[in-house]
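Have the sequence and the coordinates open while reading.

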Amino acid sequence: MPEKKVSLPAKLINGGVAGLVGVTCVFPIDLAKTRLQNQQGARVYSGMLDCLTKTVRTEGYFGMYRGAAVNLTLVTPEKAIKLAANDIFRQKLSKDGKLPLWGEILAGCGAGTCQVVVTTPMEMLKIQLQDAGRLGNKHERSVSASAPAASPAPSLVASRTAQAGHAAARRASATSITLELLRTRGLRGLYRGTGATLLRDVPFSMIYFPLFAKLNAVGRREDLHGNPQDRAPFMQSFMAGCAAGSVAAVAVTPLDVIKTRLQTLQKGQGEDSYRGIIDCTRRILNREGPLAFLKGATCRALVIAPLFGIAQGVYFLGIGEKVLGLLG
């Protein structure tokens with residue numbers, strides 16, 4: 001069965017809409033993931049629910065959506081590039097409507113590589129905004145803990161210091177961070193951690209897309225390696241995206257921890273800074289142990305599963321084709 005040809009503009013619209021819907025639904029969990037992964041030494045949060053509860057208490061409901069504007073702005077090209085690139089690579093590598101496993105893995109590798117041009121600056125800005133509240137809370141706790149209980153003056157200083165920290169966190173914006181990075185570090189500043197992003201996203205895509213194709217083709221023995229877009233109903237695409245996304249997300253969590261640590265510019269008191277991927281890996285292993293590489297794994301699974309489930313479901317609904325049909 002020959003593959004259904006879908007135009008590039010339609011692929012980009014499908015991917016963009018899918019990314020917007022998915023990110024809107026799961027962003028608070030992604031914020032908890034970032035804050036949990038960045039914790040070193042004394043813990044501000046004991047887990048995902050504790051993180052979200054404290055975030056709402058100290059920063060308000062919309063504190064859970066710090067950095068969402070950056071994600072919602074850039075997730076459209078990011079998801080569009082990822083899904084469209086995978087589709088294009090699959091079409092190029094297919095022969096007579098069939099795609100071998102090595103072709104699926106190669107297509108996923110290509111998709112993961114292409115998306116990094118947008119993913120790296122998006123993640124860079126998002127992480128700074130997401131982690132600002134954690135640093136404010138950690139600073140407040142450390143100052144309060146060091147102040148003598150019987151002396152009112154240090155408590156007042158601690159309170160004012162904490163308030164100043166929270167005010168500074170509130171003042172931070174994607175625009176101000178971008179301008180500061182460009183002024184002090186140039187374009188390279190926005191692409192800090194590109195190597196770590198590639199190390200995370202390429203293996204993720206190499207696992208996700210072939211696994212998704214297999215799960216999406218369950219119950220359809222013929223043309224197993226063909227284009228599942230021609231056959232899969234919405235619910236099967238959704239469930240296949242959730243399952244494949246959660247497996248791939250947990251598998252690359254150690255790489256995501258390294259990427260998050262490298263891209264975080266502001267560190268709390270006593271927290272390590274890193275010179276590169278190898279230095280980061282060595283320090284985490286020596287100071288925090290191997291389990292530190294699994295920080296935020298549950299959050300990642302809870303984020304990526306619905307994110308890619310929604311993404312694939314919306315993508316295969318063919319919204320892009322319908323939009324272009326209305327415009328044409």
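Which residues does Gln37 touch, not counting residues up to four places away in sequence? The list is Thr253, Asp256, Val257, Thr260, Arg261, Lys295, Gly296 and Arg300. The model behind this answer is predicted.

## Overall make-up

The protein has 13 helices and zero strands. From the N terminus on, the elements therefore read α-α-α-α-α-α-α-α-α-α-α-α-α. The chain has 328 residues, and 51% of them count as buried.

Take contacts between residues at least 6 apart in sequence: 82% of them join residues at least 24 apart.

Gln37 belongs to helix α1, which spans residues 8-38. Is Gln37 buried or exposed? Its relative accessible area is 0%, so Gln37 is buried. Its side chain makes a polar contact with the side chain of Asp256, at 2.9 Å.

Asp256 also takes part in the contact of α1 with α10. Helix α10 covers residues 253-263. The axes of α1 and α10 are 9 Å apart, and the packing angle is about 80 degrees. That angle makes α1 roughly perpendicular to α10. On the α1 side stand Lys33, Thr34, Gln37 and Asn38. They meet Thr253, Asp256, Val257, Thr260 and Arg261 of α10. By class, this contact has one nonpolar, five polar and three charged residues.

## Val26, also in α1

Val26 is found in helix α1 too. At a relative accessible area of 6%, Val26 is buried. Which residues does Val26 touch, not counting residues up to four places away in sequence? They are Leu302, Val303, Pro306 and Leu307.

Leu302 lies 276 residues from Val26 in sequence. In space, the two C-alpha atoms are 7.9 Å apart.

## The α8–α9 pair

Two packed helices are described by the angle between their axes and the distance between the axes. Helix α8 spans residues 194-216, and helix α9 spans residues 234-251. Their axes come within 8 Å and cross at roughly 150 degrees. Why does this pair count as roughly antiparallel? Angles over 145 degrees fall in that class, so α8 is roughly antiparallel to α9. The crossing is right-handed.

The α8 side of the contact consists of Phe204, Ile207, Tyr208, Leu211, Phe212, Leu215 and Asn216. The α9 side includes Ala240, Ala243, Ala244, Ala248, Ala249 and Ala251. Gly241, Gly245 and Val247 are also among the α9 residues, as are Gln236 and Ser237. By class, the contact has 13 nonpolar, five polar and no charged residues.

## The α3–α8 pair

Helix α8 also crosses helix α3, residues 68-93. The axes come within 12 Å, at an angle of roughly 65 degrees. α3 and α8 are therefore roughly perpendicular to each other. This crossing is right-handed.

Which residues make the contact of α3 and α8? From α3 come Lys82, Leu83, Asn86 and Arg90. From α8 come Phe204, Ser205, Phe209 and Ala213. The residues divide into four nonpolar, two polar and two charged. Phe204 takes part here, and Phe204 is also listed in the contact of α8 with α9.

## Cys114 in α4

Cys114 lies in helix α4, residues 101-146. Its relative accessible area is 33%, so Cys114 is partly exposed. Leaving aside neighbours within four places in sequence, Cys114 is in contact with Ile81, Ala85 and Phe89.

How far apart are Cys114 and Ala85, C-alpha to C-alpha? The separation is 7.2 Å in space and 29 residues in sequence.

## Arg66 in the α2–α3 loop

Arg66 sits in the loop between α2 (48-59) and α3. Is Arg66 buried or exposed? Its relative accessibility is 14%, so Arg66 counts as buried; the cut-off is under 20%.

The side chain of Arg66 reaches the backbone oxygen of Leu129 at 2.9 Å. Arg66 and Gly133 are 67 residues apart along the chain, and their C-alpha atoms are separated by 8.7 Å.

Terms used:
Residues numbered from 1 in each chain as written. Predicted model: local features only at pLDDT ≥ 70, side-chain atom pairs only at ≥ 80, totals over all residues. Heavy atoms only, no water. Helix = DSSP H or I, 4+ residues; strand = E, 2+ residues; numbered from the N terminus. Buried < 20%, exposed > 50% of the residue type's maximum accessible area, 1.4 Å probe, protein only. Polar contact = N/O pair within 3.5 Å; in protein donor to acceptor, adjacent residues only side chain to side chain. Contact = heavy atoms within 4.5 Å. Axes fitted to C-alpha atoms, helices over the stretch in contact; angles between N-to-C directions. Parallel < 35°, antiparallel > 145°, perpendicular 65-115°, else oblique. Left-handed = near helix turned anticlockwise from the far one by under 90°. Nonpolar A, V, L, I, M, F, W, Y, C, P; charged D, E, K, R; others polar.
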